Amino acid sequence: MAKPIFLTTLLVVLLCWACSSGQTASHPFIRVEDGKFIRNGQPYYYVGTNFWYGAILGSEGEGGDRERLLRELDFMKSIGIDNLRVLVGSDGSRGITAKVEPTLQVAPGVYNDTLLAGLDYLLMEMGKRDMVAVLYLNNSWEWSGGYSQYLEWAGYGKAPVPAEDGWPEYMEYVQQFVQSDSAKALFARYVEDMITRVNRYTHIKYVDDPTIMSWQIGNEPRAFSDANKPAFAAWMADVAAQIRSLDANHLISSGSEGKHGCEQDMDLFEKIYADANIDYLNFHMWPYNWGWAPQDSLSESLERAKANSKAYIDEHMVLARKYRKPAVMEEFGFPRDGFRFSRESTTTTRDAYYEYIFSLITDKDLYDGLFAGANFWAWGGFAQPADDHVFWQKGDDYTGDPAQEEQGLNSVFDTDTTIEVIRAANEKLLSSE
């Protein structure tokens with residue numbers, strides 16, 4: 001039956017009003033337009049954090065603490081943090097020195113369902129708070145399995161543990177990953193299993209969930225040798241293409257440290273970043289680890305750390321401008337004063353370093369608005385580090401520092417003065433929208 005003329009006319013008028021007033025329905029997923037993240041129709045800038053253990057806290061099994069998780073999410077939201085970089089899960093056997101526990105993938109394609117429920121729960125609760133997640137799927141380093149675990153599963157012998165066997169042996173072992181079709185195939189299966197998942201609480205497919213901002217190939221993926229560069233670039237492109245084939249809605253990122261993670265080869269980094277399936281640029285920065293701020297002179301080295309950081313950022317922003325893709329410094333940290341680890345230790349020098357880094361994002365004219373965000377390492381929140389040992393042990397609170405690092409060293413606790421630096425940066429970003 002034909003619609004009455006007045007109803008048809010009214011519908012046309014309302015549609016025209018909506019278009020002219022900008023009231024069209026917003027895209028539910030974060031996307032990239034002309035070098036900027038767009039969220040709910042507006043440019044999106046953020047100061048977020050690394051919260052790699054969020055899915056573990058969200059579980060009802062070992063390591064789980066849903067009450068703490070909700071407190072952490074509420075507190076982060078109260079200081080403007082709405083972007084969390086989260087590990088999907090760790091891989092392999094338990095009881096390995098410096099490995100995150102409990103593990104998600106206990107054998108190839110076999111998963112700890114309690115931890116998958118934890119990830120589902122985390123995403124549900126983040127969605128309620130209008131927060132978004134960057135979910136990374138692999139790791140170059142031993143603390144969550146990753147490269148070394150896939151190689152062990154693929155028959156390359158027992159994986160070395162850096163804390164026991166030394167870094168040279170570990171690096172020599174993991175450089176085999178990008179050359180191993182069998183190890184890469186195990187990872188590809190995992191990628192498909194995770195991306196095609198349906199959240200048991202919301203009943204939303206992960207590919208349809210706007211709480212996810214980006215799928216990330218891995219944490220600090222590396223070639224580990226000059227000879228591996230072509231194979232590494234090809235593998236990164238293959239994984240990005242696989243993710244795109246499974247999920248047309250979400251952004252894809254590499255998880256790279258930038259030049260530092262590409263054998264100091266910016267041409268290699270550019271090749272990876274230029275891939276059409278990689279939506280934005282990542283880089284990491286570690287002034288202490290990279291020798292810019294030694295343990296015994298953190299405050300004295302602050303200005304050098306700032307200068308070296310700015311130079312490193314500038315180098316990567318050249319590519320952001322060239323390809324008109326946004327850039328995120330999604331890992332950076334700075335030790336607590338005096339290289340101490342307790343919640344009571346001060347963070348004066350770290351606060352000054354954070355404030356400087358955040359100023360490069362809040363000044364949106366500095367890089368043509370292409371420097372879009374930062375995720376500091378890492379969120380400690382309400383965690384209480386153990387008093388009688390430095391490194392993580394089973395049963396300890398998760399502090400943000402992985403098991404092979406001093407617990408509390410880079411952690412941002414709820415009582416740190418750093419909280420106000422973070423709050424101020426996010427308020428400035430919000431006020432300039």
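Is Phe-341 buried, partly exposed or exposed, and what is its relative accessible area? Phe-341 is partly exposed, with a relative accessible area of 23%; buried stands for under 20%, exposed for over 50% and partly exposed for values in between, computed with a 1.4 Å probe on protein chains only. The model is predicted, so that local features need pLDDT of at least 70 and side-chain atom pairs count only at pLDDT 80 or more, whereas totals for chains, interfaces and linings use all residues. Residues are numbered from 1 along each chain as its sequence is written, and side-chain values use heavy atoms, with hydrogens and water left out.

A pair of aromatic rings is described by the distance of the centres and the angle of the planes. Rings of Phe, Tyr and Trp (its six-membered ring) are paired if their centres lie within 6.5 Å; planes under 30 degrees apart count as stacked, over 60 as edge-to-face and the rest as tilted. In the whole structure, 44 aromatic pairs are found. One of them joins Tyr-147 and Phe-224, with 6.0 Å centre to centre and 75 degrees between the planes, and is edge-to-face. This pair links distant parts of the chain, 77 residues apart: Tyr-147 belongs to helix H5 (residues 146-153), and Phe-224 to the loop between strand S9 (212-216) and helix H9 (229-246). Helices (H or I, at least four residues) and strands (E, at least two) are DSSP runs, numbered from the N terminus. Tyr-147 and Phe-224 are both buried. Phe-339 and Phe-341 form an edge-to-face pair because their ring centres are 5.9 Å apart and their planes stand at 70 degrees. Phe-339 is buried, at a relative accessible area of 10%.

A charge sits over a ring if NZ of Lys or CZ of Arg is within 6 Å of the ring centre and within 35 degrees of the ring normal. The charged end of Arg-39 is placed over the ring of Tyr-44, 5.4 Å from its centre, and Arg-71 lies over the face of Phe-382, 3.9 Å from the ring centre.

Most residues other than glycine have a negative phi, and most peptide bonds are trans. Asn-40, in the loop between strand S2 (36-39) and strand S3 (42-43), has a positive phi of about 55 degrees and is partly exposed, at 43% relative accessible area. Glu-220 also has a positive phi of about 55 degrees; this residue is located in the loop between S9 and H9 and is buried, at 7%. The peptide bond from Glu-101 to Pro-102 is cis, with omega near -5 degrees.
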